[in-house]
Amino acid sequence: MTQKEYEDIPGTFVFDADRSREGYHLNQFCISLRLQKNREAFNADEDAYLDRYPMTAAQREAVKNREWNRLLELGGNIYYTSKLAANFGITFQELAGMMTGMGREAYRDMMLHGGRPIEGNRSKSEWENK
């Protein structure tokens, strides 16, 4: 994947065409969990179910370890990976709280009050200067 200007946004993995191609099989797996029969098969034997999708070893490990941010880094689409979280009873709001390290209530409160402040969150160089 080539370096893009927006890769400098801290804590963000932009889902672009390159990430879409990288995460194709990961996302196919995740979206498959929208069907009850697939959730049942996955829950019964994760390894066997994951064998249906030719993901990279890193993607497979991120799925098995429930590494939510890593899934996005490896090409996962947040709306698809949330299907995996939902399989374990994790709501989208809870997932966002986990991914930000804030927890559900703090994340909810932040969003109700306008989201993250822009200061210090525009580029990684701003983080480096702190």
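User: What is the relative accessible area of Arg66?
Analyst: This is a predicted model in which local features need pLDDT of at least 70 and side-chain atom pairs count only at pLDDT 80 or more, while totals for chains, interfaces and linings use all residues. Residues are numbered from 1 along each chain as its sequence is written, and side-chain values use heavy atoms, with hydrogens and water left out. Buried means under 20% relative accessible area, exposed over 50%, and partly exposed in between (1.4 Å probe, protein chains only). Arg66 is partly exposed because its relative accessible area is 22%.

User: What is the phi of Arg66?
Analyst: Arg66 sits in the loop between α5 and α6; helices here are DSSP runs (H or I, at least four residues; strands E, at least two), numbered from the N terminus. Most residues other than glycine have a negative phi. Arg66 is not glycine, yet has a positive phi, near 55°.

User: Which residues touch the most other members of the largest nonpolar core?
Analyst: A nonpolar core is a set of buried Ala, Val, Leu, Ile, Met, Phe, Trp, Tyr and Cys residues joined through side-chain atoms within 4.5 Å. The largest has 20 residues, and those that touch the most other members are Phe29, Phe42, Val63, Trp68 and Leu84.

User: Which elements give two or more residues to this core?
Analyst: In soluble globular proteins, nonpolar side chains tend to be buried together. Here the elements that contribute two or more residues are α2, α4, α5, α6, α7 and α8.

User: How many residues apart in sequence are the parts tied together by Phe42 and Phe88?
Analyst: Rings of Phe, Tyr and Trp (its six-membered ring) pair if their centres lie within 6.5 Å; planes under 30 degrees apart count as stacked, over 60 as edge-to-face and the rest as tilted. The search of the whole structure finds seven aromatic pairs; Phe42 and Phe88 form an edge-to-face one, with 6.4 Å centre to centre and 65° between the planes. Phe42 lies in helix α3 and Phe88 in the loop between α7 and α8, so the separation of the parts, in residues, is 46.

User: Is Phe42 buried or exposed?
Analyst: Leaving aside neighbours within four places in sequence, Phe42 is in contact (heavy atoms within 4.5 Å) with residues including Phe29, Arg66, Leu84 and Phe88. Because its relative accessibility is 0%, Phe42 counts as buried.

User: Which residues form one aromatic cluster?
Analyst: The rings of Tyr49 and Tyr53 have centres 5.8 Å apart and planes at 50°, so this pair is tilted. The cluster consists of Phe29, Phe42, Tyr49, Tyr53 and Phe88.
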